[in-house]
Amino acid sequence: MSRRVTFGLKACVKCKRLVEEKEKVCPVCGSTSFSKEWSGMIIVYKPEESQLAKMLNITKPGRYAIKVI
Ligand SMILES: [Zn+2]
């Protein structure tokens, strides 16, 4: 089994926002459910201009996981 590189980040299960592992609450949706099992990071600067952000329902700039398990 290979170790997943998570950059010390965990992903919000609800909105896929990536936050530091020490964070307790998601700054975007207020969820407290996080997963360390995620893959693919995207950084969104202008969600209103990004097709990918629209696809992933991202409305605020920041780092997001593409897939959260
Ligand atoms: Zn969230």
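Leaving aside its neighbours within four places in sequence, which residues is alanine 11 in contact with? They are Lys16, Arg17, Leu18, Phe34, Ser35, Trp38, Ala65 and Val68, where two residues count as in contact if their C-beta atoms, placed from the backbone, lie within 7 Å.

## Basis of the model

This is a predicted model, in which local features need pLDDT of at least 70 and side-chain atom pairs count only at pLDDT 80 or more, while totals for chains, interfaces and linings use all residues. Residues are numbered from 1 along each chain as its sequence is written.

## Overall fold

The protein chain has 1 helix and 5 strands, and these follow one another along the sequence as β-β-β-β-α-β. The radius of gyration of the protein chain is 12 Å, close to the 11 Å that the globule rule gives for 69 residues, so the chain is as compact as a globular protein of that length. Here the radius is taken over C-alpha atoms, and the rule is 2.2 Å times the number of residues to the power 0.38. Helices (H or I, at least four residues) and strands (E, at least two) are DSSP runs, numbered from the N terminus.

Taken along the principal axes, the box filled by the C-alpha atoms of the protein chain is roughly 35 × 25 × 15 Å. Of the contacts in the protein chain with a separation of 6 or more, 39% are accounted for by residues 24 or more positions apart.

An open sheet of 3 strands is arranged in the order 2-1-3, with antiparallel pairing. Strand 2 (18-20) and strand 3 (34-35) stand at the edges, each with a single partner strand, so one side of each is left without a neighbour in the sheet. Two strands are taken to pair if DSSP finds at least two bridges between them.

Strand 1 (residues 9-12) pairs with strand 2 in the antiparallel sense over 3 bridges; lysine 10 stands opposite valine 19 in strand 2, and leucine 9 has glutamate 20 as its bridge partner in that strand. Strand 1 is also joined to strand 3 by 2 bridges, again in an antiparallel arrangement, and there the bridge partner of cysteine 12 is phenylalanine 34.

## Core and burial

Buried residues make up 19% of the 69 residues in the protein chain, a residue being buried if 20 or more other C-beta atoms lie within 10 Å of its own, exposed if 12 or fewer, and partly exposed in between, with C-beta atoms placed from the backbone. The largest nonpolar core has 10 residues, namely Ala11, Cys12, Cys15, Leu18, Cys26, Phe34, Trp38, Tyr64, Ala65 and Val68. Strand 1 and strand 5 (62-68) are the elements that give two or more residues to this core, and the largest share, 3 residues, comes from strand 5. A nonpolar core is a set of buried Ala, Val, Leu, Ile, Met, Phe, Trp, Tyr and Cys residues joined through C-beta atoms within 7 Å.

## Individual residues

Lysine 16 lies in the loop between strand 1 and strand 2, a hairpin with 5 residues between the strands, and its phi is near 70°, a positive value in a residue other than glycine. Lysine 16 is buried, with 23 other C-beta atoms within 10 Å.

Asparagine 57, found in the loop between helix 1 and strand 5, has a positive phi near 60° and is exposed, with 10 other C-beta atoms within 10 Å. Methionine 55 lies in helix 1 (residues 51-55) and is exposed, with 9 other C-beta atoms within 10 Å. Methionine 55 and isoleucine 69 are 14 residues apart in sequence and 18 Å apart in space, C-alpha to C-alpha.
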